[in-house]
Structures are given as C-alpha cells and as structure tokens.
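Please walk me through this structure.

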Amino acid sequence: MDVLVVGSGAREHAIVRALAADPGVGALHAAPGNPGIGGAATLHAVDPLDGAAVAALARELGVGLVVVGPEAPLVAGVADAVRAAGIPAFGPSAAAARLEGSKAFAKEVMAAAGVPTAEPRVATTPAEAEAGLDGFGPPYVVKDDGLAAGKGVVVTADRAEALAHAVACLAKPDGRVVIEEFLDGPEVSLFVLSDGVHVVPLVPAQDFKRVGDDDAGPNTGGMGAYSPLPWAPAGLVEEVVARVAQPTVDEMARRGTPFAGVLYVGLALTSRGTRVVEFNARFGDPETQVVLARLVTPLAGVLHAAATGSLADVPPLVWRDDAAVTVVVAGHGYPVDVRTGDPITGIAAAEALPGVHVLHAGTALGADGLVSAGGRVLTVVGVGADLHAARAAAYAGVDRIGLPGSHHRSDIALRAAEGTV
C-alpha cells in the first residue's frame, strides 16, 4: 500500500519513519514534508490546508491511505476532501475535528458524554472573562477557544496576566475563551485510535510544555516527552477508555459526526480522580515521537483500519518493553522571538549512537546545507532498556547536534527515571 502523509513537523517525520519500517508499505509520499522526511518519502509542494489539492495529489499518486498529521488541515476539512475522492483518510472530518477546533464545543461534548473534566466558563467579552477569573480564583486557567498551535493556554497566579491573555484571545475574529478551574496533579497524554465506533488505546506518555527546566518560563508546543510512565496507576488506560474515550466516540456518533482518527486525551491525575484537561484531534507532538518509537505492530495497517471502519479486526497492539525519551532542540529565542537560518550540524553523528534517531521539525535546505526554519528545530529520540538508558541516549545525541544559539531542557524524564514523580 502506498501512503501519503500530510504535514511537515517532527510528528509527521515520526509517522513516516514508522511507516517506512512497515513491510506492508510501498511508496511513501509527504506533502509538503521537510528535509528529514525527504530521506524516506517523496516530497510534494502542496499546500497542506488545500483539501482539493491534497485529494488531487492522492488520486494522482494512487495511494491507498492518506494520513493527515496536523490539526489545521483537519479543521479545514482536508480529510473530508480526501474521503470524498474515494481514498481512505486517517483523520477526523472537519465536523469531528471541532473537538480540538473549539474548546467550548469539546466541553459541551464532554458534558453530554459524562466525561470527567474541569468545570468551564465560556466568555465572549472581557467582563465575562473577569467574572470567570474571579469565580474560580487563582491559579487561573485561560484557554483560547480556537487553534493556537499548542500555545493558547495560560496558567498563572497573576490575575492581570490571565486577563491580558483572555482579552487578546477575545480580540480575534469570533474570539472566545474558556476559563476553567485549575486541575492539580501530574499530566498524562493518551492517544486513542477510533474508527468512529471502536477505540484502541496506545501507550501513555508525558510531555513537558514549559520552555525551561523545572517547568520555568512560558508554554511552548512541547520541549520533550517520555514513555512509559512507571508512576502511572495500574488500570489508567482501561479507565480512560471506559470513562472518556468510548463515551466521547459514542456521543460524537450520536450527533451524526462520528470521530475517526486519533483522539488525543490530555489528562490530569488530580487528588479527586482522573480529569480531562483537553482533547486534540490528532497525534500530539512531541509525544508521538516516543509512542511510535515503542510500537512493534506495523503502523499502516492499524491506521488503515481506523480509516476504513475495521479497527475491531485489528489484533492487540504489540509494544516494546524499552523506554523512549525525546528532547526538543529549539532555535535561538524560542518561543518568543525565534531566529531562523542557523546552520545545523551533527545529525549523522547523533544517529551513529546506539538507540538514537533524530526527527526534523523546523528545518530547511539552505545554500550551504541544512538550516533552522522554525522554533522547534529537531527532536532527538533515545531508546533504552529503561528511562535512565533512554535519557542517556537522547542527551548523548543532543550533545552531538550543532545549532548556534539553540537551547533544550535538561530534565526531560529525570524525575520519572529517579522515581521521584
């Protein structure tokens, strides 16, 4: 089966890498991809937000599956356009992708499905936002209702900062914000595949959203992740499937907008039990990099089953016992004032290390070689027998990467490896 992957980040590079290792996959294509993805797939200069263009490309290539990676093409209806062309697409319809496209809609679905989550208040004016902030008190949680590339959430004890974020979100066209009660406890990311009826969970991971060590500084799109979670309670995955994922998929089907793709369930393990922090309608980045590094089952058949309503026929997924850790190498100034165009060296040296592979995120080919072209430039993945070994591999790989002005967190998976979570 030939496959087309839509997107250009490290998440898509991880998907392409897994598909390239699948003996059931023939030709691999990506639109638009990146230089790293180009090592395993043929790149096509097609706008990933243009559903008609993506569908036309898929038809021209004769692929048997299109995998839509990022959230923006899903919300724009790219998967719908591909399916309308008669080609299986892994990714929800635009209507179902509203679970990520609108946090207020997601809360509405969760309420109807009885899913445990933080109590929300939706605001459309600064006065409503102020009332919401004062109703919950600090720490304040303010979320842009729409897509914000992982940077639409502010959690702060500073009321002025919280209100400023709310006002900025409200200033957008049709701006809305969701203000929530604060959820204590560690966070967990769990991806659940769905064909619109059945659900199949992957393994949990944890990501690190703040830019600096010890969770200092502003939120980012994610600075690293690890899996497995040795501290997670037994039965967590089964609980989330029964109380969150299956009820949500059932509710979406009841509404006539079945959710087929991957439901990213962001969780907080609070003192009052497991609560949903957010839903996303696609694989998370950087968690995908560690989850797929542990997957033994060939990926293409599983994604095709989700795209064609046959997940019930898929045998239980097989996972490596090994641990995986990924560390994001970010460009100078990320996440505020990012500098691009800096030369990148050392990828081959990093990948020469046992258990290390490097995934491209914000890269481009310049006149003299590979250069940075975004905030999160590379993700370095280390795989080892346990989290200590996986961390050592990942950071040894990072040490071999050269990128002027770059920065990374030094504490990814540290507390989990030490057993101090």
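Contact here means heavy atoms within 4.5 Å. Helices (H or I, at least four residues) and strands (E, at least two) are DSSP runs, numbered from the N terminus. This is a predicted model: local features need pLDDT of at least 70, side-chain atom pairs count only at pLDDT 80 or more, and totals for chains, interfaces and linings use all residues. Residues are numbered from 1 along each chain as its sequence is written, and side-chain values use heavy atoms, with hydrogens and water left out.

Begin with the sheet. Five strands form an open sheet in the order β3-β2-β1-β4-β5, with parallel pairing. The edges are β3 (42-43) and β5 (89-90); each has a single partner strand, so one side of each lacks a neighbour in the sheet. Strands pair if DSSP finds at least two bridges between them. β1 (residues 3-7) and β2 (residues 28-32) are joined by five bridges, in the parallel sense. Val 3 faces Leu 28 of β2.

Helix α2 (residues 51-61) lies across β1, β2 and β4 (65-68), at about 160° to β1. Helix α11 (residues 299-307) also packs on the sheet. Helix α11 touches β4 and β5, and makes about 90° with the direction of β4. Such angles run from 0 to 180 degrees between N-to-C directions, with axes fitted to C-alpha atoms, for helices over the stretch in contact.

Finally, find Lys 103 in helix α6 (residues 103-113). Lys 103 is buried (under 20% relative accessible area, 1.4 Å probe, protein chains only). A polar atom of the Lys 103 side chain lies 3.2 Å from the backbone oxygen of Asp 144. Beyond neighbours within four places in sequence, Lys 103 contacts Lys 143, Asp 144, Asp 145, Gly 146 and Val 178.

Conventions
Buried means under 20% relative accessible area, exposed over 50%, partly exposed in between (1.4 Å probe, protein chains only). Lys and Arg count as positive and Asp and Glu as negative; His and the chain ends are not counted. A salt bridge is a side-chain nitrogen of Lys or Arg within 4 Å of a carboxyl oxygen of Asp or Glu. A polar contact is a pair of N or O atoms within 3.5 Å; within protein, one must be able to donate a hydrogen and the other to accept it, and residues adjacent in sequence count only if both atoms are side-chain atoms.
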